[in-house]
Structure formats: C-alpha cells, structure tokens
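Welcome to my notebook. I am opening a new structure today and jotting down what I look up as I go.

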Amino acid sequence: MIIFGSAGKEIARDKIRAACTNCQEQNSITMYIVQRYTHIYWIPCFPAEKKAISECTNCNQVLETIQFPESYKSYYKNINLRTKTPLWMFTGLGIFAVIMVGAFIASQQNNTENTELVLLPKKGDIYEIKLSDEKYTLYKVDIVEGNAVYMLENEYITDKEEGMGELLLKPFYKESSPIMKSDLKIMLEKGEIIDIER
Ligand SMILES: [Zn+2]
C-alpha cells in the first residue's frame, strides 16, 4: 500500500493597508499564502494549489481568496507574484527523476555490454532467451568455431522472465547446435536474447 496524502504550508505573510470589510479597522489585515502539496510516505512529492487567506487582528474575520473584496485584490496579486513555491516540495519528483535517469544509464550500459559479449562469445556464457510470450529458457555457449557458436539448450522452459535464475540449477542438453554470430546479434536486437551473463 502506498501512503499518499496532502498538507499545507504557509509560505508568505504580509500586513496589507486595506480596511477590514467587517469592522472597518485600518491596518488590521494580515494576508497569508498557503501552498498545498502532496506527499508519499511523508516525503513531499509535488506542489498542489496555492491559496491566500486574510485575517483581521481586530475582529478575527477570516476570508478566503474568492471572498476577497476589490480592495484586497491588488495586495493579493502582489504577494502571490513574489511568493515562489519552495523547491523542497518537489523532493519526491526529484528523487523519482534521479532513479529513472540511473535506471536508463544502467540499461544502456547493459545493452552495450551484451552487444560486446555477443560478438566475442566464450565457452560458458549464459544467454537468457525469450522463445515466445511466457516461454523463457537458457542457452549456454559450448564451443565457438569461427562465426558459429554452438549452444547447449536448457532442458526446461519457464513462463516467467524472473524464473530463468532457477533454470541455472537445471540440466542442459548434452548436444549443442550452432547459431551464427550474426543471428545472435539479430536475436539481441529483437529482444529474443534478454541478457547475457559471463
Ligand atoms: Zn476586522
């Protein structure tokens, strides 16, 4: 379960010069800007609405943005314009972006590695193979002869990609059959070779 919520934080306050619409007192109004933000597991994630509230220190009348009289509005515009949403409210988005960029770089590095491995195969390399949807198995490099790579197929097939780790403990067929390096490269590009372990 993801724990998701929202909270508000006062990010600005200012005295305004307008008279209170309720008690007519001069210089008794304080305006607050409150920024709401969402949080996931109590980590601020991204900002939501920003709203203003006015409070009279004389009669305690509290007004929300839509209730502001004309005389409050220019003050509200001014305070609102110079009040920036604090950066810490984007913490969750920032963390997410860093994770995504990290995952992208890791996957690019893995792709480069796999391309190198497929061109210079070695006895014992393990290929994670997708035969079709929900059919995965392992190939093991037996012999490399020029452009031909003799592969030993695993005797078992699994229906889940994560299941391939367990296949390592299962036997491989004793007879290997050749696949051309150029075909292996195509299989890698098509995603039929998911990963190569050395
Ligand atoms: Zn008042």
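**Contacts along the chain.** I began with contacts, meaning heavy atoms within 4.5 Å. Among those in the protein between residues at least 6 apart in sequence, 56% join residues at least 24 apart.

**Ground rules.** I noted that this is a predicted model, in which local features need pLDDT of at least 70, side-chain atom pairs count only at pLDDT 80 or more, and totals for chains, interfaces and linings use all residues. Residues are numbered from 1 along each chain as its sequence is written, and side-chain values use heavy atoms, with hydrogens and water left out.

**Helices and strands.** I looked up the secondary structure and found 4 helices and 9 strands. Both are DSSP runs numbered from the N terminus: helices are H or I with at least four residues, strands are E with at least two. Along the sequence the order is β-β-β-β-α-α-β-β-β-α-β-α-β.

**Overall dimensions.** The box that the C-alpha atoms fill is roughly 95 × 30 × 20 Å along the principal axes.

**Domains.** Where are the domains? I found domain 1 at 4-94 and domain 2 at 116-197, with bounds that come from an automatic or database domain assignment. Their C-alpha centres lie 62 Å apart.

Buried is under 20% relative accessible area, exposed is over 50%, and partly exposed is in between (1.4 Å probe, protein chains only). The protein exposes about 12800 Å², and carbon and sulfur atoms supply 55% of that; the areas come from the Shrake-Rupley method with a 1.4 Å probe, and for residues only the protein chains shown count as cover. I also noted 23 positive and 27 negative side chains, with the centres of the two sets 11 Å apart. Lys and Arg count as positive, Asp and Glu as negative, while His and the chain ends are not counted. Each charge is placed at NZ of Lys, CZ of Arg, CG of Asp or CD of Glu.

**Ala 48.** I found Ala 48 in strand S3. Ala 48 counts as partly exposed because its relative accessibility is 42%. Leaving out residues up to four places away in sequence, Ala 48 touches Gln 35, Arg 36 and Tyr 37. Thr 85 is 37 residues from Ala 48 along the chain, and their C-alpha atoms are separated by 9.8 Å.

**Thr 57.** Is Thr 57 buried or exposed? Thr 57 is exposed, because its relative accessible area is 53%. Thr 57 sits in the loop between strand S3 (43-56) and strand S4 (62-64). Beyond residues up to four places away in sequence, Thr 57 touches Lys 15, Ser 28 and Thr 30. Asn 78 is 21 residues from Thr 57 along the chain, with 21 Å between the C-alpha atoms.

**Positive phi.** Most residues other than glycine have a negative phi. I noted Tyr 41, not a glycine, with a positive phi of about 50 degrees. Tyr 41 lies in the loop between strand S2 (29-40) and S3, and is partly exposed at 42% relative accessible area. I then noted Asn 60, with a positive phi near 70 degrees. Asn 60 lies in the loop between S3 and S4 and is exposed, with a relative accessible area of 54%.
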